[in-house]
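Subject: Structure for your review

Dear colleague,

Please find below the structure that I am handing over to you. My notes on its charged groups and its core follow.

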Amino acid sequence: MEDSYPIVPAANQEIIESSGVNDLLSKVRPQWKAKNLIKRVNRILPADPSSACKRIFNAAIHDLKEKIDNADDEVQRLWS
């Protein structure tokens, strides 16, 4: 049986505005802003919110790895 109701995708812009993501992006650390991450995310957010979120997530994981490496280096320096 054929579906008589068309699928109408929700406009991403409405979701973006109601979620407050722009306010959150304005509070991102200066290091990330310096790498133009936020500009790239803002550019792709209306077209592909999923990809924008993945970019932020991947940057957070990379940042966490750097912090762990720095902490490891500091611990090794203190114990040597």
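Helices here are DSSP runs of H or I with at least four residues, numbered from the N terminus. The model is predicted, so to speak of local features a pLDDT of at least 70 is needed, side-chain atom pairs count only at pLDDT 80 or more, and totals for chains, interfaces and linings use all residues. Residues are numbered from 1 along each chain as its sequence is written, and side-chain values use heavy atoms, with hydrogens and water left out.

Salt bridges

A salt bridge is taken as a side-chain nitrogen of Lys or Arg within 4 Å of a carboxyl oxygen of Asp or Glu. By this rule there are 3 salt bridges. For burial, a residue is buried at under 20% relative accessible area, exposed at over 50% and partly exposed in between (1.4 Å probe, protein chains only).

D63 and K67 form one of the salt bridges, at 3.6 Å from N to O. Both residues belong to helix 5, 4 residues apart, or about one turn of the helix. K67 is partly exposed because its relative accessible area is 46%, whereas D63 counts as buried at 13%.

D63 also forms a salt bridge with R29, with the closest N and O atoms 2.5 Å apart. This pair links distant parts of the chain, 34 residues apart: R29 is in the loop between helix 2 (21-26) and helix 3 (30-34), and D63 is in helix 5. R29 has 30% relative accessibility and therefore counts as partly exposed.

R77 and E74 make a further salt bridge, at 2.5 Å from N to O. About one helical turn separates them, because they are 3 residues apart in helix 5. R77 is exposed, at 51%, and E74 is partly exposed, at 37%. Through shared partners, salt bridges join R29, D63 and K67 into one network.

Nonpolar core

A nonpolar core is a set of buried Ala, Val, Leu, Ile, Met, Phe, Trp, Tyr and Cys residues joined through side-chain atoms within 4.5 Å. The largest one has 10 residues, namely I16, L25, V28, W32, L37, I38, V41, L45, A52 and A59. Helix 4 (37-44) and helix 5 each supply at least two residues of this core. Helix 4 gives the most, with 3 residues. In soluble globular proteins, nonpolar side chains tend to be buried together.

Yours sincerely
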